[in-house]
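Subject: Structure handover

Hi,

Here is the structure I promised you. Please open it next to this email and follow along.

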Amino acid sequence: MHVAVLAFDGMSLFESGIVTEVFGLARPELDVPWYTLTICAPTPDPVPVLGGATLTAPAGLAELAAADTVIVPGVQSVHADPPPPVLDALRSAHARGARVLSICSGAFALAAAGLLDGRRATTHWRYAEVFRARFPHVDLDPRVLYLAEGDVWTSAGSAAGIDLCLHLIRTDHGAAVANAVARRLVVQPHRDGGQAQFIESPMPASGGTDDRIAASLAWALAHLRDPLSLPVLAHQAHMSPRTYLRHFTRATGTSPIRWVLHQRIQASLALLETTDTPIERIAAAVGFDTAVTFRHHFTNAMRTSPSAYRQAFRARE
């Protein structure tokens, strides 16, 4: 449960801040063994960061190599390798069984250390061409938000680091704990789609028409197993379907049907993780007409099947 994040010249405090917020903040209310976080730098000297500030890290590369989980934020340059001692520390951590993760262009450091050879990986879409040219032995997929390939995980642009960190919590502690942390961060527990997708807001802001939209969504969450068509939701908001669709899209950034599908898949995760309920019954419980439809939408959103998702979490248990 020891997480170490690498600090280096020119780093973004936003990306390292994601890691410190998720893993460095004590969360006794969750009643699970939580993580300890160490910020590590290659030297004891103050580290210059973006914006002109400096950061003094309490630990060095030896502590980084000894951690259970190592996280590398975006690198200063995608055209040059990190210093050899940093690469050695990453290799050492991986060799002794640590999980090694990257955020955004941090994938370049993992690739330079040879940890991504023969693996699928991702990084920010704007660096895809440079990455492929420098590391042809890596199977790069710039379309996704993150990839967890064994014990080496990579994520896309900076904010996708949140998705990756939540997935790590979901892996270690299950969906309920990950969802609780996501609520405290005020983000989606799981974003479907890839890097080109907008973030879908689960609830619109309050005020005026949005109050009626929010009320209809709260009602929908309590009735996921019932048929939830556009006319049904519009009726709950006392609007015509056309008016409801216009206000819903403006308030949430997505369509009512897409929102409903996302919520149904989210509701199925805890059932898959914590029960032996057959897939067919889970599909019905969260509102899908058939198990086939459930499997189709689940696979599109989660990049895996319901059975494989259940097996993976049961194996971890």
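Which residues does L116 touch, not counting those up to four places away in sequence? The list is A107, L110, A111, A121, F131, H137, V138, V152 and T154. Keep in mind that this is a predicted model.

**The cores**

L116 belongs to the largest nonpolar core, which has 72 residues. Six members touch the most others: F23, L64, L90, L116, F131 and I169. As background, nonpolar side chains in soluble globular proteins tend to be buried together.

**The cysteines**

How many disulfides are there? The count is zero. A disulfide is a covalent bond between the sulfur atoms of two cysteines. To be counted here, the two sulfurs must lie within 2.5 Å. Now check C40. Its closest cysteine sulfur is in C165, 15 Å away, so the gap is too far for a bond. C104 also has C165 as its closest partner. That distance is 13 Å, again too far for a bond. Are these two cysteines buried or exposed? C40 is buried, at 0% relative accessible area. C104 counts as buried too, at 5% relative accessibility.

**A serine in helix 1**

Next, find S16. It sits in helix 1, residues 13-24. S16 is buried, because its relative accessible area is 8% and the limit for buried is under 20%. Leaving out residues up to four places away in sequence, S16 touches M11 and P73.

**Two positive phi angles**

Which loop holds D31? It is the one between helix 1 and strand 2, with strand 2 covering 36-40. The phi of D31 is near 55°, a positive value in a residue other than glycine. D31 counts as exposed, at 71% relative accessibility.

H238 also has a positive phi, about 60°, although it is not a glycine. Look for H238 in the loop between helix 9 (230-236) and helix 10 (241-252). H238 is exposed, because its relative accessible area is 67% and exposed means over 50%.

Best wishes

Definitions and conventions
Residues are numbered from 1 along each chain as its sequence is written. This is a predicted model: local features need pLDDT of at least 70, side-chain atom pairs count only at pLDDT 80 or more; totals for chains, interfaces and linings use all residues. Side-chain values use heavy atoms; hydrogens and water are left out. A nonpolar core is a set of buried Ala, Val, Leu, Ile, Met, Phe, Trp, Tyr and Cys residues joined through side-chain atoms within 4.5 Å. Buried means under 20% relative accessible area, exposed over 50%, partly exposed in between (1.4 Å probe, protein chains only). Contact means heavy atoms within 4.5 Å. Helices (H or I, at least four residues) and strands (E, at least two) are DSSP runs, numbered from the N terminus.
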